[in-house]
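The points are grouped by topic and follow the display below.

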Amino acid sequence: MTERVEQYTDTFRQIRRQRLMQICIATSIGLIISLLVARGVTLYIFCAALSCLFIALVFAFKDRLHLSAYIMLGSLATMLFSLALTGAGMFDLAILGYPGLLIFAATLGGVGVFFTVLSFVIIQCALLTWLTLEGVINPNIPTLTWAHLVFSTVIITITGFSVYILVRDIKKLMVSLQKENAKVQKSQREVQHLAHHDALTGLPNRFYAENLFHNELNNMRSKQQKLALMFIDLDNFKPVNDALGHAAGDELLQRLTHRVASMLPPGHHLTRFGGDEFIVLAPFDGDRHQCDELAQAIIKQCASIFEILHTQVVVSASIGIACAPDDGNDFRQLCRKADIAMYEAKQDGRNTFHYYDKSLDQTNDDKFRLLQRLRPALNNKEFEIYYQPMMSLRNSKVTTIEALLRWPQADGSMISPDRFIPLAESSGLINELGNWVIEQACVFCAQLRSQGMPDLRVAINLSVVQFKSGHLQETVEKALNDAGLPPNALELELTESLLIDNTLLIRQQLERLSQLGITIAIDDFGTGYSNLGYLRDFKASKLKIDRSFISSLCESKDQESLVKAIINMAASLGLKTIAEGIEDQATLDKLMALQCDEGQGFLWATPLPAEELAGWLS
Ligand code: C2E
Ligand code: MG
Ligand code: MG
């Protein structure tokens, strides 16, 4: 900015210098022409003025503008006064030069110079009048000659010339000011755009989204419509970033933005909330069907394959929807509600959408309260481990016992692990809790082995969070050592969602654990990715077919063919199968016919406290 100002001051000074020299030269030419027709004392006055103008020119050349301007203006004023004094006084032609002199002063000097010259001119006129009236001088009115025409032409031309360049300068100045103004306005607009838009995708950012929301809200009211706020969160975006790098992540976001933006109907807005979160503002006429269709279309766009850095990338989107005015008219509140609904969509297995409703708030409050109680419960050793046996379907013997966490309450009720495990995961408490389960379960299994069940094994459920620290292997090895349990007596159960977060860190840890001789089993198989190709990568050697397939096995032929296909495919990959949730003999018979290896379920036993299980076993 200061650089700009300095640059302008410099240019302005250059122009002043140029004008000063131009006026000096023009006046000198005028004087030289006048010299040709001048007579007597006038001749000397012109010569003196010419010399002064020459000196002024030299100073202007040396860039001493102030001094030069004073010399020029002073000498011209003195010349005009002397001409009038020796000529016709107030009636002399020289008086014509005064307006020109004032124009020079205004062009070349500041306010100070102008008023000095103006006062000087008025004083000179007053002096001339007074001297004449007092009879000190005797103005001689000359008879008109051609010389007068030359003098007046010179004076008028020089005055006209300087008025012309003055006006031209002003015009130029106006034009450059207009240009400058346009530039400032343009950069102001750019700054505003930057403040309102996201640099990566060019979409309106969350701050601007609020403005758009209010505009749409006003439109909506006048058209008797409703406005859906769709909160989109990408599933599995992080693994893409981790595996292919941030540049690939950025490209994915840009390509996805392009896809979604180009499919939105007019009047809809796509904005970026931050990270892999987007918001769509969608006006609709009150029929939720329209929103359903739009949400499904967005999900479909997000889920189709992206080719990034020569790699085929698949992500999906979970969408939460809140509607104005039904869920309120406050932007932030609606964002919060849509976010809660989005979380539900994630819980529903991702790649889907969910509407906000009031009960979700209640659920959220409950979760918050439960979360507050988790840490003290862990400190007070309120948790217990129950065990459920797994049976071989060939010889009906117990092969393994699965450790399942329980949180008994003071009133005798039990909080289900399905409720508190996700909270323990989100708060990071699962590490401590999980380690405790590993230690206790190893000790219990070693104890049972020493009491006459030498081949008994124990299965422990693991959460993905437990892999994040990178110390899982040490924890497991220490627990095995402390309990005196061989690694082949331990089975670790992982859910498929863990495999989706397919990071190198998890693969390496599983590789090392399986090298120790520990069995890796895939829990709840069939509910998630169901990608058999993955299983070998993760050193899995056992599949636990999810309860949902087993419970309706006898009722549906489709289900039966599905389970059959899973068992056959697993067998061809050299994996063992176990069916969870066997509750009746018919189901067991069917599974035996399908050559399933193992089974678990209420048919044999529910999960039992340690002592009860020990009794059951014996
Ligand atoms: P999971 O590992 O799939 O555990 C099997 C669940 O099925 C258990 O529920 C068990 O009680 C239930 N179940 C077993 N047989 C039958 C049956 O015949 N019928 C029916 N209806 N249900 C049966 P539970 O104990 O409520 O555990 C739920 C989930 O919580 C577990 O699913 C597991 O994913 C998780 N979980 C439990 N303990 C732990 C733990 O220590 N760490 C981690 N990370 N997760 C755990
Ligand atoms: Mg399990
Ligand atoms: Mg399971």
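A residue counts as buried when its relative accessible area is under 20%, as exposed when that area is over 50%, and as partly exposed in between. By this cut-off E493 is buried, because its relative accessible area is 1%. The model is a predicted one.

**Magnesium ion (ligand 2)**

- Four residues coordinate the magnesium ion (ligand 2): E402 through OE, N461 through OD1, E493 through OE and D523 through OD, at 2.0 to 2.2 Å.
- Along the sequence, these donor residues follow the spacing E-x58-N-x31-E-x29-D.
- E493 belongs to strand 12 (residues 490–495) and D523 to strand 13 (residues 519–525), so this pair ties together parts that are 30 residues apart in sequence.
- D523 is buried, with a relative accessible area of 5%, and E493 is likewise buried, at 1%.

- D523 coordinates both the magnesium ion (ligand 3) and the magnesium ion (ligand 2), and the two ions are 4.2 Å apart.
- D524 lies in strand 13, whereas E580 lies in the loop between strand 15 (576–579) and helix 22 (585–593), so the pair ties together parts that are 56 residues apart in sequence.
- D524 has a relative accessibility of 25% and therefore counts as partly exposed.
- E580, in contrast, is buried, with a relative accessible area of 10%.

**Domains**

- The domain assignment divides the protein into domain 1 (2–174), domain 2 (206–356) and domain 3 (368–617).
- Taken over C-alpha atoms, the centres of domain 1 and domain 2 are separated by 75 Å.

**Second largest pocket**

- The second largest pocket holds about 700 Å³ of space.
- Its lining consists of 36 residues, and those nearest the centre of the pocket are F46, L83, D92, A94 and F151.
- At least two lining residues are supplied by each of helix 1 (2–37), helix 2 (41–61), helix 3 (65–86), helix 4 (97–108) and helix 6 (146–196).
- Helix 6 gives the largest share of this lining, with 7 residues.
- Sorted by class, the lining of the second largest pocket has 22 nonpolar, 12 polar and 2 charged residues.

**Cysteines**

- How many disulfides does a search of the whole structure find? The search finds 0.
- C335 is in no disulfide, and the nearest cysteine sulfur, which belongs to C323, is 13 Å away.
- C335 counts as buried because its relative accessibility is 6%.
- C445 is also in no disulfide; the nearest cysteine sulfur is that of C442, 7.5 Å away.
- Two sulfur atoms must lie within 2.5 Å to be counted as a disulfide.
- C445 is buried, with a relative accessible area of 0%.

**Local backbone features**

- The peptide bond from A324 to P325 is cis, and its omega is near 0°.
- P325 is located in the loop between strand 6 (316–324) and helix 11 (331–347).
- N236, a residue other than glycine, has a positive phi, near 65°.
- N236 is placed in the loop between strand 1 (226–235) and helix 8 (237–244), and it counts as buried at 15% relative accessibility.
- L309 is not a glycine either, yet its phi is positive, at about 50°.
- L309 sits in the loop between strand 4 (306–308) and strand 5 (311–313).

- I567 is found in helix 21 (residues 557–572).
- With a relative accessibility of 4%, I567 counts as buried.
- I567 and Q595 are 28 residues apart along the chain, and their C-alpha atoms are separated by 7.5 Å.

Technical notes: Residues are numbered from 1 along each chain as its sequence is written. Chains are lettered from A and ligands numbered from 1 in the order in which they are written. This is a predicted model: local features need pLDDT of at least 70, side-chain atom pairs count only at pLDDT 80 or more; totals for chains, interfaces and linings use all residues. Side-chain values use heavy atoms; hydrogens and water are left out. Donors are N, O and S atoms within 2.8 Å of the metal (3.2 Å for Na, K and Ca); water is not among the atoms, so sites may look incomplete. Helices (H or I, at least four residues) and strands (E, at least two) are DSSP runs, numbered from the N terminus. Buried means under 20% relative accessible area, exposed over 50%, partly exposed in between (1.4 Å probe, protein chains only). On a 1 Å grid over the protein atoms alone, a cavity is a set of points where a 1.4 Å probe fits but cannot get out, and a pocket is an open set with protein on both sides within 12 Å along at least five of seven lines; lining residues have an atom within 4 Å of a point. Grid points are joined across faces, edges and corners, and a volume is the space filled by probe spheres set on the points. Ala, Val, Leu, Ile, Met, Phe, Trp, Tyr, Cys and Pro count as nonpolar, Asp, Glu, Lys and Arg as charged, and the others, Gly among them, as polar. Domain bounds come from an automatic or database domain assignment.
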